[in-house]
Amino acid sequence: MSSLRLLSLLAGSALALAAGTAHAAPAADTVLLHGRIHTIDAHDSVAQAVAIKDGRIVYVGSDAGAKAFTGPATETIDLKGGVVMPGLVDGHMHPLEGGSGLQACDLQYKRLTVPEFQAALSACAAKDGASGNGGGHDGKWLVAVHWFQHEMQPLGIERTKAMLDALPTPRPVAVFDSFGHSALVNSRALALAGIDAKTPDPVGGAIHHDASGAPTGLLEDSAMDLVRKLIPTPTPEDDVVAARAALAAMAAQGVTTFLDADAPAESIRAFSTLSKAGQLTARGHFAPHIAPEEGPSPEGALSRIIEWRRTYDEGAARVQPSIMVRTVKLYMDGVITAPAFTGVMIAPYLENHGTAEKPDWQPGTNRGPAPYFPPAVLAPLLDRITALGFDPHMHADGDGAVRIALDAVAALRKSHPARDARPAIAHDEIVDPADFPRFKALGVTRCCRCNGASRPPILWPGPRISWGRNAMPSWSHRACWPRPARGSRSAATGRSIR
């Protein structure tokens, strides 16, 4: 398979539209011959040739049939048996963050022991001459990304600031996990952020504390902002470099359309800069978010997003990659993974009343936090968002959050059955089986991570469970991934770069 050449076509599912018989036709700009053209149609048809004109596929079929589309100026490419497939649509990514991560202290999602974790961070600090041993950069933040904290070895080990305080540097340190919902910081960072035993949890976030009440250094969701706001922000030029790196990574993986699922102004601006320079190589959809505290009175947030749409949106999707600002992101909850347990659940998380060696899982009392957008706030907010021509993209990890999101969409459909609203619910890590059919019935797209035939280790109950020593979700013996529903309005997701 390594000898195959994989080509992703911007025309996407148009492959299925052009198959047919040769007839009098204008010469194509490009003809691909002698390939294996996977159309991804209802029959999984495989053809030999493709003809393209003005960025659109005008023929799919045999090599012989493609001759009718070949003229003196046509570029002909011999695929030599290589594979051509529709371009991938990634329905949920964070491209600017991903592009920045490609150039940052990258822990690469590795399963690390504490010594390995510390060695990787120390190497990053030393790389820029700022290890603290005379480097002269004691106040410079050391920021690391793509930390697979839930697979720290041995499984279940407690993650605290002590792991970072032991590093040979006096610098403030912040390590962001691969889920994007947690960060571990050292004592210096906590002090700079003014986080102590008396600091309350912010709305939509959590600060972990030890038995004495002191912060452990682990921050969840919006609590990360208490530290993140202190980290120097990249310049606009840095953002353009990161956006360019993200596009290169997408191109390498065959991604031709993407949704930035929590788009700050910096991201939209950077990709817009590339678009104006003719360097945008994938169609970009951007979803600015409305924060939970803005939900009850969203006028200011909506005005901001409308202004961004007016400034950056380049019109309806077309052949040429462009910028579209037509989606709004809402966080319904956090994540179900330990030690956060910020996913909103219908039933309580289970608690281990036994030992690690002989666990005894029993229902507890913790169902996670209150939903970040309670039903009384979410339903009218979806009405406002969709009336303005935006589609809601809702993060919901626990089955309680998923149900609240579905209930709000149901109210929207009942009130405005003719409105062309296309809501999506992202992640859906746990979905109550009773809610499976509601996605199709309500026209809601599930944007789920696809993990093949097996669940990832962090979700699989049993010896390799890594929810933590004392708690896990209560769904351990019921299905948690709904099957893709026929009739959904769009595809779910490819592989994200983050």
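Q: What is the accessible surface of the protein chain, and what share of that surface belongs to carbon and sulfur atoms?
A: The model is predicted. Its protein chain has an accessible surface of about 22600 Å². The part that belongs to carbon and sulfur atoms is 56%.

Q: What percentage of the residues in the protein chain is buried?
A: Buried means under 20% relative accessible area. The protein chain has 498 residues. Of these, the buried ones make up 49%.

Q: How many helices and how many strands are there in the protein chain?
A: The secondary structure includes both kinds of element. The counts are twelve helices and 25 strands.

Q: What share of the contacts with a separation of 6 or more joins residues 24 or more positions apart?
A: The count takes contacts in the protein chain with a separation of 6 or more. Residues 24 or more positions apart account for 72%.

Q: Are helices H7 and H8 roughly parallel or roughly perpendicular to each other?
A: H7 spans residues 236-253 and H8 spans residues 265-276. Their axes come within 9 Å and cross at roughly 70 degrees. Angles of 65 to 115 degrees count as roughly perpendicular. H7 and H8 are therefore roughly perpendicular.

Q: Which residues of H8 meet H7, and how many residues in the contact are nonpolar, polar and charged?
A: From H7 come Asp239, Val240, Ala243, Arg244, Ala246 and Leu247. They meet Glu266, Ala270, Phe271, Thr273 and Leu274 in H8. By class, the contact of H7 with H8 has seven nonpolar, one polar and three charged residues.

Q: Which residues do ring pairs link into a cluster?
A: The structure holds six aromatic pairs. Phe271 of H8 also meets H7. Ring pairs link this residue into a cluster, whose members are Phe258, Phe271 and Phe286.

Q: Is the ring pair of Phe341 and Tyr349 stacked or edge-to-face?
A: Phe341 is buried at 14% relative accessibility, and Tyr349 is buried at 2%. Their ring centres are 4.9 Å apart and their planes stand at 65 degrees. Planes over 60 degrees apart count as edge-to-face. The pair is therefore edge-to-face.

Q: Is Val344 buried or exposed?
A: Val344 sits in the loop between strand S19 (327-331) and strand S20 (350-352). Its relative accessibility is 7%. The cut-off for buried is under 20%, so Val344 counts as buried.

Q: What is the C-alpha to C-alpha distance between Val344 and Pro371?
A: Beyond its neighbours within four places in sequence, Val344 has contacts that include Arg367, Pro369, Ala370 and Pro371. Other contacts of Val344 include Met332, Asp333 and Gly398. Val344 and Pro371 are 27 residues apart in sequence. In space, C-alpha to C-alpha, they are 6.4 Å apart.

Q: Is Asp54 buried or exposed?
A: Asp54 is in the loop between strand S5 (49-53) and strand S6 (56-61). Asp54 has a positive phi of about 55 degrees although it is not a glycine. Its relative accessibility is 59%, so Asp54 counts as exposed.

Q: Is Asp428 buried or exposed?
A: Asp428 has a positive phi of about 50 degrees and is not a glycine. The residue is found in the loop between strand S23 (424-427) and helix H12 (436-442). At 0% relative accessibility, Asp428 counts as buried.

Q: Which residues are in contact with Asp397, leaving aside its neighbours within four places in sequence?
A: Asp397 lies in the loop between strand S22 (391-396) and H11. Asp397 counts as buried at 4% relative accessibility. Its contacts are Asp333, Gly334, Val335, Ile336, His427, Asp428, Glu429 and Ile430.

Q: How is Asp407 classed by relative accessibility?
A: Asp407 lies in helix H11 (residues 399-415). Asp407 and Asp435 are 28 residues apart in sequence and 10.0 Å apart in space, C-alpha to C-alpha. At 39% relative accessibility, Asp407 counts as partly exposed.

Q: What is the C-alpha to C-alpha distance between Asp313 and Phe286?
A: Asp313 is in the loop between helix H9 (299-312) and strand S18 (323-324). At 19% relative accessibility, Asp313 counts as buried. Asp313 and Phe286 are 27 residues apart in sequence. Their C-alpha atoms are 9.2 Å apart.

Conventions
Residues numbered from 1 in each chain as written. Predicted model: local features only at pLDDT ≥ 70, side-chain atom pairs only at ≥ 80, totals over all residues. Heavy atoms only, no water. Axes fitted to C-alpha atoms, helices over the stretch in contact; angles between N-to-C directions. Helix = DSSP H or I, 4+ residues; strand = E, 2+ residues; numbered from the N terminus. Parallel < 35°, antiparallel > 145°, perpendicular 65-115°, else oblique. Contact = heavy atoms within 4.5 Å. Nonpolar A, V, L, I, M, F, W, Y, C, P; charged D, E, K, R; others polar. Buried < 20%, exposed > 50% of the residue type's maximum accessible area, 1.4 Å probe, protein only. Areas by Shrake-Rupley, 256 points an atom, 1.4 Å probe, with all protein chains shown as cover. Phe/Tyr/Trp six-rings, centres within 6.5 Å; stacked < 30°, edge-to-face > 60°.
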